[in-house]
Amino acid sequence: MDGGSVVFDRAAGYYDQTRGFPPGVALGVAETVARAARLKPTDRVLEIGIGTGRVALPLAPYVRAYYGVDLAQPMIDRLVEKRDGERVYPLLADATRLPFADAAFDAVIAVHIFHLIPAYAEAFAEAARVLKPGGVLAHGWNTRHTEDVLNQVWNTATQSAGTTPGIPFEERQKMLPAHGWRLQGEDHHPYRLERAPARFLEDLRGRVYSHCWSMSEEDLQSGLTAVQAYMAEHGIDPDQPRVIDTEFRVQTFQPPG
Ligand SMILES: C[S@@+](CC[C@H](N)C(=O)[O-])C[C@H]1O[C@@H](n2cnc3c(N)ncnc32)[C@H](O)[C@@H]1O
């Protein structure tokens, strides 16, 4: 944690295996974000919470320069290892205190980040400060966590135990407008995931998701027991991959006017 933000140092080694898009999907996601944010080849873009470059690396070819900040050096190191000529420039910095001049960027990209930052209002203010007049904030997320029934069972069983220091998932679409940001448009990229329940249980047991990091062993066990009981009741084979239809969504906003 840093300033209360959830920092992903521990996840760098497994982030791409557990959060990566299925083959080919990253390009569709990048195209969708580029279209929604109306990115141009002359643009300078900033991603806050750039991570291992899951979104940045496929999105960078749409713009002139793609900067990123993250508080986890191991995530940045992983991005740099993967970088293959893309003009992506990550640095260690906090989204709530950006080391950039006012009006430095044509667009700011934020994907799966605001739930991790208690001072998300400061991150909003910083995004507004570094945007050029007419620039947009593109806020994106993938929705699989709400769509899979096993996830819903897990979430219900662990509701009070899981921690989300920033914006809770169900409020993510409300918070930017609540702070005066003006919705310009939205888009989505549908895709399909296949995952065996055994793998889901293993990921939970291994605490690969950030909401599990500060959960007590007891709460983790009761969540696992609830998912296993649901599977037994509904005859779900742990080794049979389940198909989950999901999507990546993006909304674009202009700062408070
Ligand atoms: C869930 S990952 C998302 C990474 C990337 N945007 C993606 O979609 O794959 C969130 C990242 O935000 C970083 N992070 C958390 N709080 C931050 C903050 N206050 N400033 C900058 N980065 C932060 C974490 O270290 C982590 O690498």
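Two residues are said to be in contact, or to touch, if their C-beta atoms, placed from the backbone, lie within 7 Å. The model is a predicted one, in which local features need pLDDT of at least 70 and side-chain atom pairs count only at pLDDT 80 or more, whereas totals for chains, interfaces and linings use all residues. Residue numbers start from 1 along each chain as its sequence is written.

The overall dimensions come first. The C-alpha trace of the protein chain spans about 55 × 35 × 35 Å along its principal axes. The radius of gyration, taken over C-alpha atoms, may be compared with a globule rule of 2.2 Å times the number of residues to the power 0.38. For 257 residues, a compact globule would have a value near 18 Å, and the 18 Å of the protein chain agrees with it. The chain holds ten helices and seven strands; helices (H or I, at least four residues) and strands (E, at least two) are DSSP runs, numbered from the N terminus. Of contacts between residues at least 6 apart in sequence, 78% join residues at least 24 apart.

Burial is judged by counting the other C-beta atoms, placed from the backbone, within 10 Å of a residue's own: 20 or more make it buried, 12 or fewer exposed, and a count in between partly exposed. Buried residues account for 37% of the 257 residues in the protein chain.

A nonpolar core is a set of buried Ala, Val, Leu, Ile, Met, Phe, Trp, Tyr and Cys residues joined through C-beta atoms within 7 Å. Which members of the largest core touch the most other members? Of its 58 residues, they are Val 33 and Val 108. Apart from this core lies another, of five residues, including Leu 150, Trp 154, Leu 204 and Cys 212.

Val 33 belongs to helix H2 (residues 25-36) and counts as buried because it has 25 C-beta neighbours inside 10 Å. Leaving out residues up to four places away in sequence, Val 33 touches Val 55, Leu 59, Ile 109, Ala 138, Gly 140 and Val 250. Val 55 is 22 residues from Val 33 along the chain, and their C-alpha atoms are separated by 9.1 Å. Val 108, with neighbours within four places in sequence set aside, is in contact with Leu 46, Ile 48, Ala 127, Val 130, Leu 131 and Leu 137.

Gly 68 lies in strand S2 (residues 65-70) and is buried, because 24 other C-beta atoms lie within 10 Å. Between Gly 68 and Leu 46, 22 residues apart along the chain, the C-alpha separation is 5.3 Å.

Two helices show how burial is arranged around a helix axis. In helix H4 (residues 73-82), the buried residues are Met 75, Ile 76, Arg 78 and Leu 79. Seen down the axis of H4, these fall within an arc of 155°, so they line one face of the helix; the arc is that of the directions from the helix axis to the C-beta atoms. They pack against helix H1 (15-19), S2 and strand S3 (88-92). In H5, Tyr 120, Ala 123, Phe 124, Glu 126, Ala 127 and Val 130 are buried. Their arc, seen down the axis of H5, is 165°, so they too line one face of the helix. The partners of the buried residues of H5 are strand S1 (44-48), S4, strand S5 (131-142) and helix H8 (172-178).

Most residues other than glycine have a negative phi. His 112, however, has a positive phi near 50°; its place is in the loop between strand S4 (105-111) and helix H5 (120-130). Arg 207, also not a glycine, has a positive phi of about 55° and lies in the loop between helix H9 (197-205) and helix H10 (217-233). His 112 is partly exposed, with 18 other C-beta atoms within 10 Å, and Arg 207 is partly exposed with 16.

Finally, the ligand has 24 residues around it, of which Ser 5, Phe 8, Gly 49, Gly 51 and Arg 54 come nearest; a residue is near a molecule if its C-beta atom, placed from the backbone, lies within 6 Å of it. This shell divides into 15 nonpolar, five polar and four charged residues. Here Ala, Val, Leu, Ile, Met, Phe, Trp, Tyr, Cys and Pro count as nonpolar, Asp, Glu, Lys and Arg as charged, and the others, Gly among them, as polar.
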